Amino acid sequence: MNDEMTSSSLTFSQILSAPVQFPSLLRSQIDHELVGPVLLFVRTSFLSFLVGSLLLLLCSLKLVLPSFLDGVNFLSYGRLFPVAIDLLLYGWAIPGGLALIFWLTGHLSGATLPYKRVLIAATHLWNSALFFGSLALLIGYSTSVPLLEYPTWTSFLLFVAFLLMGLWVIFILKERRSSLFYVSQWYLLTALAVFPWIYGTANMLLTWEKIQGSAQGPIQAWYTGSLIQLWLIALPLAITYYMIPKISGVKIYSYYLVLVGFISLLFFAGWSGLSALLGGPIPAWMSSVGVVSNILLFLPMMAVVLNIYHMFQEIDKTTLHQSPTLRFVAAGMIFYVLGSALSILHAIPFANAILNFTDYTRGLFFLVLLGSFGMTFLGACYYFIPRLTELHWSSSSSIQYHFWLTIIGIVLLISAMTLGGLIEGVAWNDPAISITNIISYAAPFRWLAVLAWGLLLLGFFFFVRLLLLMRWQMIEKRVPNSL
Amino acid sequence: MEQNPNNHDSAPFQRDHEPSSDHSYPPDQLDPSRDLLELEAGNNDVQSHEKNNLLRPLPLWLVTLSMILFFWAGLYLAYYSGGFRSNVYNADLVAWSGGGASAAAAPPDLRTIGKKVYTQICIICHQETGLGVPGQYPPLVGSEWVLSQGWHGDNHLVKNVLYGMQGPVTVKGMPYNNAMAPWNQLTDEQIAGVLTYIRSEWGNSAPALTPEFVAKIRASTPVRSEAWTMPELQAIPREVCTPAAGGAPAAK
């Protein structure tokens with residue numbers, strides 16, 4: 001390793017002066033050191049997605065067949081749903097995002113990995129907290145705060161593990177050899193800095209040391225809104241701004257647009273969750289600020305859309321056809337725009353009076369989680385996993401199946417939940433319609449949701465097949481870092 | 001892979017069942033000018049900004065649109081923030097004072113308060129239409145009790161709400177025999193509000209009652225545990241709420 005360092009040290013003077021060119025040797029060295037921790041978290045992320053979406057399939061079945069698996073305590077809806085949604089969030093979205101942050105920060109900083117053991121210990125800590133926390137939820141120990149259901153010790157361990165990983169990224173930034181701070185890193189570091197802040201604060205005030213009841217609602221709403229905007233949307237934007245130039249060679253269209261999009265996202269993200277409490281027992285200004293922020297989030301969305309639209313126009317068509325990453329990223333961005341439109345609709349008081357407390361709200365969350373975050377994250381996985389393992393994806397048809405089944409699954413799920421939610425909402429507002437009738441109106445849409453979860457899982461099995469084939473190649477080649 | 005050296009992302013593809021001829025994926029085969037992003041590095045070079053995208057201006061329509069959105073946001077917050085006070089839970093009940101946080105809240109509209117009380121309490125018997133239920137609950141529309149006609153005064157109406165009614169009564173010439181619950185736990189403002197509301201809704205047009213008048217009647221009526229009967233009320237002399245007797249109505 002030291003030899004490699006010295007052999008590449010000749011170019012360090014070039015590295016420090018822009019334009020930066022990293023020696024390819026350094027690049028392979030970065031990958032070589034990252035492969036362990038990154039793949040560890042990637043594995044956590046995929047396993048959690050598999051288990052989480054299987055449980056959500058069960059949950060969606062229980063919504064239409066209440067007698068299904070009846071009488072088994074730990075499989076009751078009230079326990080399964082939090083386990084599933086927390087697995088998708090803290091098992092899939094956050095570790096997956098962290099794996100990306102490690103990989104992208106390593107590459108964009110051009111720094112090799114210091115204190116690797118801290119990172120590996122922290123990922124193991126996170127994984128075990130996740131595992132035992134999920135078990136505790138199944139047994140029935142839940143704080144019953146939405147998205148913060150884990151018992152206090154679990155959330156504390158997750159918090160500590162995240163802080164360790166965050167510190168590690170700061171170490172790597174300290175070592176960076178590039179004077180450039182690329183736009184993807186703005187979003188990555190924002191996400192990295194914001195998560196411990198919001199997760200720590202929300203847990204401190206809602207589960208560790210409970211604040212008075214009237215303040216709990218706004219804090220939970222603030223947490224959800226910030227998590228959605230500054231993790232589940234910030235990371236896809238980082239991926240998009242990295243992958244498009246990287247794969248197609250097209251430059252970022254306008255830096256002013258990136259800047260406007262970034263600053264306005266930061267400014268409005270934290271407030272946006274409060275509109276979920278429209279009409280609730282909170283001071284009027286809170287929900288009004290939430291409404292305004294949600295609608296003003298149109299600006300960062302528009303800035304991103306303009307930039308990406310112009311960039312995609314410059315990409316030549318064959319690249320777009322051949323690159324699974326670009327296709328996944330493009331789909332993720334389309335879902336991002338759709339999600340923004342639906343959340344603006346959800347924030348308009350008149351529409352909120354109909355749509356709140358129906359499947360629409362939950363569908364919106366799945367759209368961000370599976371559509372915006374999920375698609376771009378999978379796109380990034382198609383890019384960085386082969387480069388880390390130095391192996392190929394062994395089947396392009398599996399990639400096709402994965403892509404289309406996921407797209408169809410998400411579109412079906414979101415249409416079923418938003419349209420079903422609309423019908424539910426209209427029915428709830430009519431006092432002449434009984435609750436039994438409302439449930440029977442929603443039933444066909446909930447059956448469609450069951451089908452959608454099935455399709456999503458089927459698509460994911462094709463991805464699992466690709467990963468297993470890759471693992472087989474690893475065993476054949478005796479590569480030490482197993483996936 | 002060789003034929004298309006520009007396409008790095010598709011490089012790790014293999015067709016199904018096609019034996020992989022090139023297992024190695026040497027990262028240094030990547031085009032270095034495209035790696036670690038540093039096609040963007042040129043952007044840092046101010047001298048070359050003319051040929052790159054660093055200083056590309058924002059589209060004018062986006063700037064205009066954001067101005068319009070910000071203006072709308074200001075208006076919206078002005079109307080629906082309740083002056084950013086922590087004790088305002090429903091911005092519809094509070095007129096925007098236009099001042100800062102120190103400005104006093106404008107007094108809420110009596111009819112708005114009254115409508116809320118009516119829909120929470122009175123609507124159960126007297127119905128949304130104010131017509132009551134024939135033979136069971138007397139109507140409020142055109143009722144001499146509500147409009148203070150004949151021997152009925154505004155004081156009777158207030159006393160009625162404060163301590164309730166029982167026994168046979170006559171309303172618009174029809175006999176009723178039912179009980180009305182006492183509502184003396186309501187505030188003066190709420191009682192004045194709901195009475196003002198029923199006196200000006202459904203075509204009724206009697207003057208508003210003020211909270212001060214309600215307070216005066218409440219103070220002058222001894223506390224009782226029994227509801228009123230019609231003869232008891234009839235024995236009490238008629239009083240009318242006048243601006244002189246109770247101060248000007250606070251309603252806008």
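Predicted model: local features only at pLDDT ≥ 70, side-chain atom pairs only at ≥ 80, totals over all residues.

Colleague: How much of chain A is buried?

Modeller: Buried residues are 53% of the 483 in chain A. As for contacts in chain A with a separation of 6 or more, 83% come from residues 24 or more positions apart.

Colleague: Switching to chain B, then. How many helices and strands are there?

Modeller: Chain B has eight helices and two strands. Reading from the N terminus, the order is α-α-α-α-β-β-α-α-α-α.

Colleague: And what share of chain B counts as buried?

Modeller: For chain B that's 26% of 252 residues. Taking contacts in chain B between residues at least 6 apart in sequence, 58% join residues at least 24 apart.

Colleague: Those two strands in chain B, which way do they run?

Modeller: Antiparallel: strand 1 (residues 168-171) of chain B is joined to strand 2 (residues 174-177) of chain B by four bridges. Pro168(B), for instance, sits opposite Asn177(B) in strand 2 of chain B.

Colleague: What's in the turn between strand 1 and strand 2 of chain B?

Modeller: The two strands form a hairpin with two residues between them, and Lys172(B) in that turn has a positive phi of about 50°.

Colleague: Now the helices. At what angle do helix 2 and helix 5 of chain B cross?

Modeller: Roughly 90°, with the axes of helix 2 (residues 110-126) of chain B and helix 5 (residues 188-200) of chain B coming within 7 Å. That makes helix 2 of chain B roughly perpendicular to helix 5 of chain B.

Colleague: Which residues make that contact?

Modeller: From helix 2 of chain B they include Leu110(B), Ile113(B), Val117(B), Tyr118(B) and Cys122(B). Helix 5 of chain B contributes, among others, Glu189(B), Ala192(B), Val194(B), Tyr197(B) and Ile198(B).

Colleague: How does the contact of helix 2 with helix 5 of chain B divide into nonpolar, polar and charged?

Modeller: Nine of the residues in that contact are nonpolar, five are polar and three are charged. Arg111(B) and Lys115(B) are on the helix 2 side, and Gly193(B) is on the helix 5 side.

Conventions: Residues numbered from 1 in each chain as written. Chains lettered and ligands numbered in written order. Axes fitted to C-alpha atoms, helices over the stretch in contact; angles between N-to-C directions. Parallel < 35°, antiparallel > 145°, perpendicular 65-115°, else oblique. Contact = placed C-beta atoms within 7 Å. Nonpolar A, V, L, I, M, F, W, Y, C, P; charged D, E, K, R; others polar. Buried ≥ 20, exposed ≤ 12 C-beta atoms within 10 Å, placed from the backbone. Pairing = 2+ DSSP bridges.
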